[in-house]
Amino acid sequence: MTAIFVREVRSAFSGMMGWLLTAFLVAASGLYFMANNLGFGLTDFGYYTLYQTSFVLLVYVPVLAMRSLAGERHARTDQLLLTSPVPAWGIVLGKYLAMCAVFALPCLADAAMILALRLLGSTGTALASNFASLLGYYLLGCAAIALCEWISGLTENQIVAAVLGFAALLLAFLMPSLRSLFSAGSAAALVIFTLLAAGASVLAGLRSRSLTLGCVLFAVLAAGISALFLFRSGWLTGAFSAVLEALCLFAPFERFVNGSFSVQAVVYYLSAAGLFLFFAAQGLEKRRWV
């Protein structure tokens, strides 16, 4: 895993991609820092710089992660990795930690800006709040990297991986607004959960190569969802709202920006990163034995 980590970090900066991405993110933060924090004398770096530029991650992260697994498949070097003694989780984790290390560089530049505000007269409370926001920003980026690494493993085309990663992050970015579209009642929840049950049944049938298992699983799930709709529609609506809330990847970052350290948000981002890394490792493990 260490060798993969070192290889990926070197690969990022042996060409122009790593430097361009770092310069891109630092430039975005620097512009907002100069315009808001220095121009207007505002000490809240978390809101006026990090939160205002969080949309930049929609482009930065998919481009950073697009070649992590898709590039290996396109160059056919994935066969070397799959036949190496490194387990699938070691390959995925090594690449993931390398991308997190690359993402840490612009975050270090952000830390320097926060310290500059301290030297210019910001209070100790503002300093702690700004660093808490930077931690939340970094955890948000790491969770997004895990998501895009998993997406990168689904295709061998790097452009497709970048576009799909951008679409997934855009959906997560807009999810707080989209949640209001599904607040009318349990009918929408019934449709969505039925579609999810159908998708899960298809995946289970393909995984086990058993049409019977897929049909039986869908019948059981559909019966359970229909029973909830008829007798406990409130539970169905509540569960649907919880699912939508879990998809709001950018929302927990707001707790850090509001000046509070949120353990719940830390657990959420770590759990999201772990889940997507697990999916990526499972996909790689499946290809190893195909």
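**Group meeting: aromatic pairs and a helix crossing**

Let's start with the annotation. UniProt, in an unreviewed entry, places the feature "transmembrane region" at residues 12-33, 45-66, 96-120, 126-147, 159-178, 184-204, 211-229 and 265-284. Those positions are in the numbering used here, feature names are shortened, and annotations may be inferred rather than shown by experiment.

A word on the model. It is predicted, so local features need pLDDT of at least 70 and side-chain atom pairs count only at pLDDT 80 or more, while totals for chains, interfaces and linings use all residues. Residues are numbered from 1 along each chain as its sequence is written, and side-chain values use heavy atoms, with hydrogens and water left out.

Two of those spans. Residues 265-284 are 100% helix and 0% strand, with end C-alpha atoms 29 Å apart. Residues 45-66 are 73% helix and 0% strand, and here the end C-alpha atoms lie 30 Å apart. Helices (H or I, at least four residues) and strands (E, at least two) are DSSP runs, numbered from the N terminus.

Now the aromatics. How many aromatic pairs does a search of the whole structure find? The search finds 16. Rings of Phe, Tyr and Trp (its six-membered ring) pair if their centres lie within 6.5 Å; planes under 30 degrees apart count as stacked, over 60 as edge-to-face, the rest as tilted.

Take Tyr-137 and Phe-253. This pair is tilted, at 6.0 Å centre to centre and 55° between the planes. It links distant parts of the chain: Tyr-137 sits in helix α8 (residues 124-152), Phe-253 in helix α13 (residues 253-257), 116 residues apart. Both residues are buried.

Next, Trp-150 and Phe-276. They are stacked, 5.9 Å centre to centre with 25° between the planes. Trp-150 is in helix α8 and Phe-276 in helix α14 (residues 263-288), 126 residues apart. Why does Trp-150 count as partly exposed? Because its relative accessibility is 26%. Phe-276, at 17%, counts as buried. Buried means under 20% relative accessible area, exposed over 50%, partly exposed in between (1.4 Å probe, protein chains only).

Tyr-137 and Phe-253 also belong to one aromatic cluster, with Tyr-47, Tyr-48, Tyr-51, Tyr-60, Phe-103 and Tyr-138.

Last, a helix pair. The axes of α2 (residues 17-38) and α7 (residues 88-119) come within 9 Å and cross at roughly 20°. Axes are lines fitted to C-alpha atoms, for helices over the stretch in contact, and angles run from 0 to 180 degrees between N-to-C directions. The contact (heavy atoms within 4.5 Å) includes Gly-30 and Phe-33 of α2, and Phe-103 and Pro-106 of α7.
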